[in-house]
Amino acid sequence: MSSGGRRRLALVAALALVVLAADAGVTSEYRRKLEATVEMPLDADVFRVPPGYNAPQQVHITLGNQEGTAMIVSWVTPSELGSSTVMYGGAPHKLELRAEGTHTRYDYFNYTSGFIHHCTLKNLKHSSKYYYAMGFGHTVRTFWFTTPPKPGPDAPYKFGLIGDLGQTFDSNRTLSHYESNGGDAVLFVGDLSYADNHPLHDNNRWDTWARFVERSVAYQPWIWTAGNHELDFAPELGETTPFKPFSHRYPTPYRAAGSTEPFWYSVKIASAHVIVLASYSAYGKYTPQWTWLQDELKRVDRKTTPWLLVLMHSPWYNSNGYHYMEGETMRVQFEQWLVDAKADLVLAGHVHAYERSHRVSNVAYDIVNGKSTPVRDQGAPVYVTIGDGGNIEGIADNFTRPQPSYSAFREASFGHATLEIKNRTHAYYAWHRNQDGAKVVADGLWLTNRYWMPTDDTN
Ligand SMILES: *[C@@H]1O[C@H](CO)[C@@H](O)[C@H](O)[C@H]1NC(C)=O
Ligand SMILES: *[C@@H]1O[C@H](CO)[C@@H](O)[C@H](O)[C@H]1NC(C)=O
Ligand SMILES: *[C@@H]1O[C@H](CO)[C@@H](O)[C@H](O)[C@H]1NC(C)=O
Ligand SMILES: *[C@@H]1O[C@H](CO)[C@@H](O)[C@H](O)[C@H]1NC(C)=O
Ligand SMILES: [Fe+2]
């Protein structure tokens, strides 16, 4: 071929690329400074131990049943057992109701936990503010929460979406931004404290983390997903029970959801049915999680809870070099079910960057037919990777190039997102990067419900 011919070919190829690019997603040019993430020091204000002898610390709440009429209250007393009682009621000086909790402790290598209390408040009214107090006999502390509205098709609700938070200065920025944006509950997609990144999995870092996030999670429920940093599996330390610190500290309402393990379960909140899956528990055919999910999807009633949200730690659609394809085996196992169920949104963490997909599915492949490329599918969920909470491991700044066609927007910055459900058909999704003011939306779109209004909403 002549050089002119080669040039013409190059031009045609370049034009073809431009045409292709027009259909592809956005890799945001915005770059956070790639400074190291720095853990907040042990004497940081956010880790302060509350004053008073044996004062309850690390207070956190999560939903206690399927309907939002129970709340599990957890806290730690450091010096002695004290009381596991919670008094609660509609006004701070009228705590007329009483619930008895239980307590637990655990050892991890040479660490011994404080006294970890769990107490479930039952028979709560929907959409009601409750004050609650614990620490009787020593130092009493009082908090409050508002129960979610009764599950119903047009009950509005605003979720915060946070993942891989850790306890660095960036983690604190993420949490502060979320607080300014004001959600009603957090869907947390796993990797809480990163205690396991410290020598001997220093479990004091589980305590500091819980003191750090108390300012939010004592006042609104966070829905927990187990990530790989919750495993704390360390045979070299003689610690061979996976999830030991996490499961002692963070109960979930799994029994109410018909599950047999705390790591996969569901809750109904307002107009959403939220399914939590476990990336680090067995999910192959015939396993307990597989069996449960199959039954659970039959229990989803889109006429009562139009929005079907699924949480997991390891993403199925991720185009970052970090953790690339780690979620693939679970995708192969469950993707068809979520497409058939018309799931609206699948949230994951694990990758320390932000990414949102188009509505795609990749369910046609059968090993020999070659149909292994994800295709646009208006019946399929949007996949969001929100592992950009700001933990000590830093940002995952290594996207694969070119950007795959399933990826709509991706950026290597820390932040959080919110999902504001308005009614059965519309929800506004927004991702906020930490470098902007809290109200600035760096990636936002209206999602329409896959059951009630399956319109083309991601382009
Ligand atoms: C964390 O953020 C809060 C709220 O913005 C602030 O008051 C506090 O000083 C911060 N702490 C650290 C260690 O950055
Ligand atoms: C646990 O062991 C480490 C390493 O030997 C030591 O530095 C630390 O002080 C020990 N902690 C306790 C509570 O004994
Ligand atoms: C970036 O990701 C690619 C895989 O897409 C991998 O081969 C490469 O080693 C990664 N680079 C870094 C610096 O991690
Ligand atoms: C649902 O909410 C959207 C967005 O606020 C609004 O445009 C739409 O009219 C609402 N639908 C109904 C039936 O109220
Ligand atoms: Fe992770």
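**Strands, ligands and cavities**

In this predicted model, strand β17 (residues 307-311) and strand β18 (residues 345-348) run parallel and are joined by 3 bridges.

Q: Why are β17 and β18 called paired strands?
A: Pairing requires at least two bridges between two strands. β17 and β18 are joined by 3 bridges, and therefore they count as paired. Within this pairing, Leu 309 has Leu 345 of β18 as its bridge partner.

Q: In which sheet do these strands lie, and what is its strand order?
A: The sheet is open, has 8 strands and shows mixed pairing. Its order is β1-β23-β19-β22-β18-β17-β16-β15.

Q: What makes β1 and β15 edge strands?
A: Each of them, β1 (26-27) and β15 (265-269), pairs on one side only.

Q: Which residues surround ligand 1?
A: The shell consists of Met 40, Ala 44, Asp 45, Val 46, Phe 169, Asn 172, Ser 176 and Arg 215. Helix α2 (residues 169-181) gives the most to this shell, with 3 residues. By class, the shell has 4 nonpolar, 2 polar and 2 charged residues.

Q: What makes Asn 423 a polar contact of ligand 4?
A: A polar side-chain atom of Asn 423 lies 2.3 Å from an oxygen atom of ligand 4. With a limit of 3.5 Å, this pair therefore counts as a polar contact. Of the 360 Å² of accessible area that ligand 4 has on its own, the protein covers 36%. Around ligand 4 are Lys 422, Asn 423, Thr 425, His 426 and Trp 446; by class, they are 1 nonpolar, 3 polar and 1 charged.

Q: How many cavities of 30 Å³ or more does a search of the whole structure find?
A: The search finds 2.

Q: Which residues line the largest cavity?
A: Its lining is formed by Gln 58, His 60, Ser 74, Trp 75, Val 76, Ile 116, Ala 210, Arg 249 and Tyr 250. The elements that give two or more residues are β2 (57-63) and β3 (71-77), and β3 has the largest share, with 3 residues. The lining divides into 5 nonpolar, 3 polar and 1 charged residues.

Q: Why are 6 residues in the lining of the second largest cavity classed as polar?
A: The lining residues are Asn 54, Thr 77, Leu 81, Gly 82, Ser 83, Gly 135, Phe 136 and His 138. Leu and Phe count as nonpolar, whereas Gly is placed among the polar residues. The division is therefore 2 nonpolar, 6 polar and no charged.

Methods:
Residues numbered from 1 in each chain as written. Chains lettered and ligands numbered in written order. Predicted model: local features only at pLDDT ≥ 70, side-chain atom pairs only at ≥ 80, totals over all residues. Heavy atoms only, no water. 1 Å grid on protein atoms, 1.4 Å probe; cavity = no way out; pocket = protein on both sides within 12 Å on 5 of 7 lines; lining within 4 Å. Points joined across faces, edges and corners; volume = space filled by probe spheres on them. Helix = DSSP H or I, 4+ residues; strand = E, 2+ residues; numbered from the N terminus. Near = heavy atom within 4 Å. Polar contact = N/O pair within 3.5 Å; in protein donor to acceptor, adjacent residues only side chain to side chain. Areas by Shrake-Rupley, 256 points an atom, 1.4 Å probe, with all protein chains shown as cover.
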